[in-house]
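I opened the structure and kept brief notes on what I looked up. The entries follow in the order I made them.

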Amino acid sequence: MQRQVYSREACFCKLVANYRTSPELLELPSRMFYQGELVSAADQHEVTMFLNWPELPNPSVPLLFCGLVGEDVHDLDSPSFYNPLEAAKICEFIKNCLLYTSPSPRD
């Protein structure tokens, strides 16, 4: 007999409130993995403040993909890997976000 992940037999706590993501981005995972129960509880100002950010390709889709050809590196004393090129790009995005001033909804 195969036991379902969210059956009554299993002890679990299903977290259904997401505090970081816009409702549009949660729609698919909510439908696929949460039977429509996953909802956005994020502050609307926070999830919309960068919709007009110049580096966002499509303001109606608040998601950014960035393809990089980097190299995974790990230190001899650590089992973890990291990619210096990806880390530098993330730092650049964060710097640009911090420099960006979102237009106020009242403007």
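Entry 1, a serine. I listed the contacts of Ser22, leaving aside neighbours within four places in sequence, and got Ser40, Val47 and Pro62. I placed Ser22 in the loop between strand E1 (17-18) and helix H1 (23-33). Ser22 counts as buried because its relative accessibility is 6%, and the cut-off for buried is under 20%.

I am working with a predicted model. I noted an average pLDDT of 85 for the protein, with 85% of the residues scoring at least 70. I found the lowest confidence in helix H2 (residues 44-48), at a mean of 88, and the highest in E1, at 95.

I searched the whole structure and found two salt bridges. I read 2.6 Å between the closest N and O atoms of Glu37 and Lys14. Glu37 is in the loop between H1 and strand E2 (39-40) and Lys14 is in the segment before E1, so this pair ties together parts 23 residues apart in sequence. I have Glu37 as partly exposed at 38% relative accessibility, and Lys14 as partly exposed at 22%.

I then took the salt bridge between Lys89 and Glu92, with 3.3 Å from N to O. Lys89 and Glu92 are about one helical turn apart, because they sit three residues apart in helix H3. I have Lys89 as partly exposed at 22% relative accessibility and Glu92 as partly exposed at 37%.

I located Thr101 in the segment after helix H3 (84-99). Thr101 is exposed, with a relative accessible area of 67%. I noted 8.6 Å between the C-alpha atoms of Thr101 and Trp53, which are 48 residues apart along the chain.

Note on methods
Residues are numbered from 1 along each chain as its sequence is written. This is a predicted model: local features need pLDDT of at least 70, side-chain atom pairs count only at pLDDT 80 or more; totals for chains, interfaces and linings use all residues. Side-chain values use heavy atoms; hydrogens and water are left out. Helices (H or I, at least four residues) and strands (E, at least two) are DSSP runs, numbered from the N terminus. Buried means under 20% relative accessible area, exposed over 50%, partly exposed in between (1.4 Å probe, protein chains only). Contact means heavy atoms within 4.5 Å. pLDDT is the predictor's confidence in each residue, from 0 to 100. A salt bridge is a side-chain nitrogen of Lys or Arg within 4 Å of a carboxyl oxygen of Asp or Glu.
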